[in-house]
Amino acid sequence: MTEFPVTERSRIRRMHERGSHAHSAAHAVLDAAPMCHVGYVIDGEPYVTPTIHWRDGNRVYWHGSSASRFLRKVNGQRACLTVSLMDGYVLARSAFNHSANYRSAMVFGRAHALTDPAEIAAALRHMVDDLFPGRWETLRPMSAQELKASTVIWMDIEEASVKERAAPPGDADEADFPVWAGVLPMVTTLAGAEPAPGPHAGLPLPEALDRLIASGQLR
């Protein structure tokens, strides 16, 4: 199993049994999460921005408006990108032992902005087709102005820390205490499609989107 290097920044200090630095573990959580939060320091102040991300190998991308001062200044800066998914509340026999089942990943690297319009267009196509396979070819072509207004940032993952919990309450030694204990699962899924109003509102839902909704996955 290939693992990322571990430094003081990415070392897992508590609950080591829940942690991993494996490439496969980090990639799996990144691929399952529909949104990330990117943290960086601009002019000495910390910022965290939410955005949609996508991955190609060990490289993770995110995008935004070319007018964003954050994205204009993040180029070349160190960044920390995090994702998290809640899978359930864990109710124990004591308040102290309550917990949550979850998956989370924190990845580190240096952010870079794409500058070649062809590379930006290719990256945006990858984003759309990563979320909705085959959709890009069905869309109105992107205009030059839309391309100019879009910034795409990429970061090679240099380090990563992953933590997961998927278990019942960890207080079996207190099982004799008469209170309900267990897990309340939390599931986030895509719901039924709602067509946009307009002359083509009656078009059938593409099979790929129908399969995505039926899969129970978010992406």
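This is a predicted model: local features need pLDDT of at least 70, side-chain atom pairs count only at pLDDT 80 or more; totals for chains, interfaces and linings use all residues.

Me: In the hairpin of E4 and E5, which residue takes a positive phi?
Reply: The hairpin formed by E4 and E5 has two residues between the strands. The positive phi found there is near 65 degrees, and the residue that takes this value is glycine 57.

Me: Is isoleucine 153 buried or exposed?
Reply: Isoleucine 153 has its place in strand E8, which covers residues 150–156. Leaving aside neighbours within four places in sequence, isoleucine 153 is in contact with several residues, including Val60, Tyr61, Trp62 and Leu71. Buried means a relative accessible area under 20%, and because the relative accessibility of isoleucine 153 is 0%, this residue counts as buried.

Me: What distance separates the C-alpha atoms of isoleucine 153 and leucine 218?
Reply: Along the chain, isoleucine 153 and leucine 218 are 65 residues apart.

Me: Why is strand E9 described as largely enclosed by the rest of the structure?
Reply: Strand E9, residues 159–165, pairs in the antiparallel sense with strand E7, residues 99–113, over seven bridges. Strand E1, residues 19–20, also pairs with E9 in the antiparallel sense, here over two bridges, and glycine 19 stands opposite lysine 163 in E9. E9 is largely enclosed because, of its seven residues, the number that are buried is five.

Me: Which residue has a side chain joined to that of glutamate 159 by a polar contact of 2.6 Å?
Reply: Glutamate 159 is found in strand E9, where phenylalanine 108 stands opposite it. With a relative accessible area of 7%, glutamate 159 is buried. Its contacts, apart from neighbours within four places in sequence, include Phe4, Pro5, Arg9 and Ser10, while the side chain that the 2.6 Å polar contact joins to that of glutamate 159 belongs to threonine 7.

Me: Which helix gives the most to the lining of the largest pocket?
Reply: The largest pocket has a volume of about 690 Å³. Of the 24 residues that line this pocket, the closest to its centre are Arg135, Ala193, Leu205, Pro206 and Leu209. The lining divides into 19 nonpolar, two polar and three charged residues, and the element that gives the most to it, with three residues, is helix H5, residues 207–215.

Me: Which strand supplies the largest share of the lining of the second largest pocket?
Reply: The second largest pocket holds about 360 Å³ of space, and of the 20 residues that line it, the closest to its centre are Ala32, Leu85, Arg103, Thr188 and Leu218. Ten of the lining residues are nonpolar, six are polar and four are charged. Helix H1, 23–32, and strand E6, 78–91, each supply at least two residues of this lining, and the largest share, six residues, comes from E6.

Methods
Residues are numbered from 1 along each chain as its sequence is written. Side-chain values use heavy atoms; hydrogens and water are left out. Two strands pair if DSSP finds at least two bridges between them. Helices (H or I, at least four residues) and strands (E, at least two) are DSSP runs, numbered from the N terminus. Buried means under 20% relative accessible area, exposed over 50%, partly exposed in between (1.4 Å probe, protein chains only). Contact means heavy atoms within 4.5 Å. On a 1 Å grid over the protein atoms alone, a cavity is a set of points where a 1.4 Å probe fits but cannot get out, and a pocket is an open set with protein on both sides within 12 Å along at least five of seven lines; lining residues have an atom within 4 Å of a point. Grid points are joined across faces, edges and corners, and a volume is the space filled by probe spheres set on the points. Ala, Val, Leu, Ile, Met, Phe, Trp, Tyr, Cys and Pro count as nonpolar, Asp, Glu, Lys and Arg as charged, and the others, Gly among them, as polar. A polar contact is a pair of N or O atoms within 3.5 Å; within protein, one must be able to donate a hydrogen and the other to accept it, and residues adjacent in sequence count only if both atoms are side-chain atoms.
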